[in-house]
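Please look over the sequence and the model first.

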Amino acid sequence: EADRATAVGIARRVTGVVDVRDEIEVSRDIRARGFDVLERLAARFEGILYTIPLILVAALVFLLFLFLSRLVGRWTGFADRLTPNPMLRQLIVQTTRAGVVLLGILLALEVLDATSLIGAVLGAAGLTGLVLGFALKETVENYVAGLLLSLRQPFGPHDHILVQGHEGHVIRLTSRATVLMTLDGNHVRIPNAEVFKGTLVNYSRNPERRFEFEIGVGVQTDLVEAQRLATATLAGMPGVLADPSPDAW
């Protein structure tokens, strides 16, 4: 049908032609059409065989850059020179690794002469950007929140914090979540957006802290003696400040 429309179009463009009468008939013969299908399949298979070496070269290029991205993840010296903040260094390393992998994909597509695919993807991204924006809202929000947490530094590695009802020591800050080791030894992953927007208590930021304990005693106990024993015991413990001194009510 496509060849038929092309023939009619050529005839109409010839100088001096006033009218074109289309009497072309498309063959309905099963054998003829079957041979056409086989010829097209053979041509495509031959084209695939010719492109196999290029596909292998493109795969090797991509694997090479994937290996380089892992080396970048292990070598953090460049990030150490950029910032003393370990959490920001981790985000820099992760972003650099993603950039190396993306460069490998671009070079692999260049080997396959399929760079036009990038333009098609970017064009489609303009149409589907709104849908992806809603779908990836939480992912982008957590990434931006992680970046802001790295810049503002409300906590550092191994700090003892309380956030969203979870208390523990900070193990690491990833691009998506803040990982805590709770006091009973469990790993807790809290989305960065919740950490950034929620109320956060950092017990490690100020070295001077006050603790309050409620202790019950028997009805026959001498309260004055109990208070004296409690304050004396606290005063003799390491880490307890002399000023202000322990007190009991």
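Is Asn202 buried or exposed? Asn202 counts as buried because its relative accessibility is 16%, where buried means under 20% relative accessible area, exposed over 50% and partly exposed in between (1.4 Å probe, protein chains only). The model is predicted, so local features need pLDDT of at least 70 and side-chain atom pairs count only at pLDDT 80 or more, while totals for chains, interfaces and linings use all residues. Residues are numbered from 1 along each chain as its sequence is written, and side-chain values use heavy atoms, with hydrogens and water left out.

**Asn202**
- Asn202 lies in strand 5, residues 200-202; strands (E, at least two residues) are DSSP runs numbered from the N terminus.
- The Asn202 side chain reaches the backbone oxygen of Pro154 at 2.9 Å.
- The side chains of Asn202 and Asp159 are joined by a polar contact of 3.2 Å (a pair of N or O atoms within 3.5 Å; within protein, one must be able to donate a hydrogen and the other to accept it, and residues adjacent in sequence count only if both atoms are side-chain atoms).
- Setting aside residues up to four places away in sequence, Asn202 touches Pro154, Phe155, Asp159, His160 and Ile161; contact means heavy atoms within 4.5 Å.

**Nonpolar core**
- The largest nonpolar core has 10 residues: Leu149, Phe155, Ile161, Val163, Val170, Leu173, Leu180, Val188, Ile190 and Val195 (a core is a set of buried Ala, Val, Leu, Ile, Met, Phe, Trp, Tyr and Cys residues joined through side-chain atoms within 4.5 Å).
- At least two residues of this core come from each of strand 1 (160-163), strand 2 and strand 4 (187-191).
- Contacts of Ile161 beyond four places in sequence include Phe155, Val170, Leu180 and Asn202.

**Strands 3 and 4**
- Strand 3 (residues 177-182) and strand 4 run antiparallel and are joined by five bridges; two strands pair if DSSP finds at least two bridges between them.
- Leu180 stands opposite Val188 in strand 4.
- The two strands form a hairpin with four residues between them, and Gly185 in the turn has a positive phi of about 90°.

**Arg172**
- Arg172 is in strand 2, residues 166-173.
- Arg172 counts as partly exposed because its relative accessibility is 37%.
- Beyond four places in sequence, Arg172 touches Gln90, Ala177, Thr178, Val179 and Arg189.
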